[in-house]
Amino acid sequence: KTLKTVDGLPIPLTAAGKAALAANAPKVAATKVDPAGVDMQACAPFGPTRIMQQPYPLNILQKGKTVVLSWEHNHAWELIYVDQQDDPKADPSYMGFSVGRWEGPTLVVDTTHYNDSTFLDDSGLPHSDALKVERRFRKLPGGKGLQIRATVTDPVMYSRPWTVSVTLPETRGEIEEYVCGLKTMENRYTRVRD
């Protein structure tokens, strides 16, 4: 799936972004899970915008000045350091380095320091090491779900910042065990029937 902007405009790729998107096509194909087998590239964490497209739950836990996002998909997790500053020495990683703050009931998370092994969506939208993503997590009225708005800023790959939004449904229960490849196929078939 390709992310869709909230303003309905096309993703504003620069010339470098278009070239990188075309170059990512073979890598995207390698992340597709074939029911007959598993390509281990599909088992790498997806990064904080691509993971929003997956049909799996998210748990959010806060203890003191740390928020933990625990995604069922590939059991990816993120640490968000609340009311702290970015660490310029943070090692690049799949999910990046995140600092956050509360604006009323909305958790605002700024993430940087990504490695070069992730895409922004399932189609292979690229990013550079200049990528910054601001995500805003807000519970919908009546607890009917969680809205996540993500604003992508990467002047190398995109001519302007752009924003996407997803709503995760309210779930009850715990994150389930996830075995890459096998669980992907089990969940795909189970959730289609539900």
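**View 1. Accessible surface and overall make-up of the chain.** The accessible surface of the chain comes to about 10500 Å², of which 56% belongs to carbon and sulfur atoms; accessible areas come from the Shrake-Rupley method with a 1.4 Å probe, and for residues only the protein chains shown count as cover. The model is a predicted one, in which local features need pLDDT of at least 70 and side-chain atom pairs count only at pLDDT 80 or more, while totals for chains, interfaces and linings use all residues. Residues are numbered from 1 along each chain as its sequence is written, and side-chain values use heavy atoms, with hydrogens and water left out. Of the 194 residues, 46% count as buried, where buried means under 20% relative accessible area, exposed over 50%, and partly exposed in between (1.4 Å probe, protein chains only). Among the contacts with a separation of 6 or more, 53% are accounted for by residues 24 or more positions apart, a contact being heavy atoms within 4.5 Å.

View 2. Strand β1 (residues 58-63) runs antiparallel to β2 and is joined to it by six bridges, two strands being taken to pair if DSSP finds at least two bridges between them. N59 stands opposite S70 in β2, and in the hairpin that β1 and β2 form, with two residues between them, G64 in the turn has a positive phi of about 60°. On its other pairing, β2 meets strand β3 (residues 77-82) in the antiparallel sense over five bridges, with L69 opposite E78 in β3. The hairpin of β2 and β3 has five residues between the strands, and N74 takes a positive phi near 55° there.

**View 3. The largest nonpolar core.** This core has 33 residues, and those with the most contacts inside it are L58, W71, F137, I148, Y158 and W162; a nonpolar core is a set of buried Ala, Val, Leu, Ile, Met, Phe, Trp, Tyr and Cys residues joined through side-chain atoms within 4.5 Å. The elements that give two or more residues to this core are β2, β3, β5, β6, β7 (145-153) and β8 (162-169). Leaving aside residues up to four places away in sequence, W162 touches L3, T5, I11, P12, L120, L125, A150, T151 and V152.

**View 4. Salt bridges between separate parts of the chain.** The count of salt bridges comes to nine, a salt bridge being a side-chain nitrogen of Lys or Arg within 4 Å of a carboxyl oxygen of Asp or Glu. In one of them D122 pairs with R50, the closest N and O atoms being 2.9 Å apart; because D122 lies in the loop between β5 and β6 and R50 in the loop between α1 (15-30) and β1, the pair ties together parts that are 72 residues apart in sequence. D122 is buried at 12% relative accessible area, and R50 likewise counts as buried, at 5%. The salt bridge of K65 with D83 has its closest N and O atoms 3.0 Å apart, and it ties together parts 18 residues apart in sequence, since K65 lies in the loop between β1 and β2 and D83 in the loop between β3 and β4 (97-103). Here K65 is partly exposed at 47%, and D83 counts as exposed at 51%.

**View 5. The pair R135 and E78.** The side chains of R135 and E78 meet in a salt bridge (2.7 Å, N to O), which links R135 in strand β6 with E78 in strand β3, 57 residues apart. Both partners are buried, R135 with a relative accessible area of 0% and E78 with one of 3%. Elsewhere, salt bridges that share partners join R101, E103, D110, E134 and R136 into one network.

**View 6. Surroundings of T118.** T118 is placed in the loop between β5 (106-112) and β6 (132-139) and is buried, with a relative accessible area of 7%. Its side chain makes a polar contact with the side chain of H127 (2.7 Å), a polar contact being a pair of N or O atoms within 3.5 Å, of which, within protein, one must be able to donate a hydrogen and the other to accept it, while residues adjacent in sequence count only if both atoms are side-chain atoms. Not counting residues up to four places away in sequence, T118 touches P45, F46, G47, Y94 and H127.

Note on methods
Helix = DSSP H or I, 4+ residues; strand = E, 2+ residues; numbered from the N terminus.
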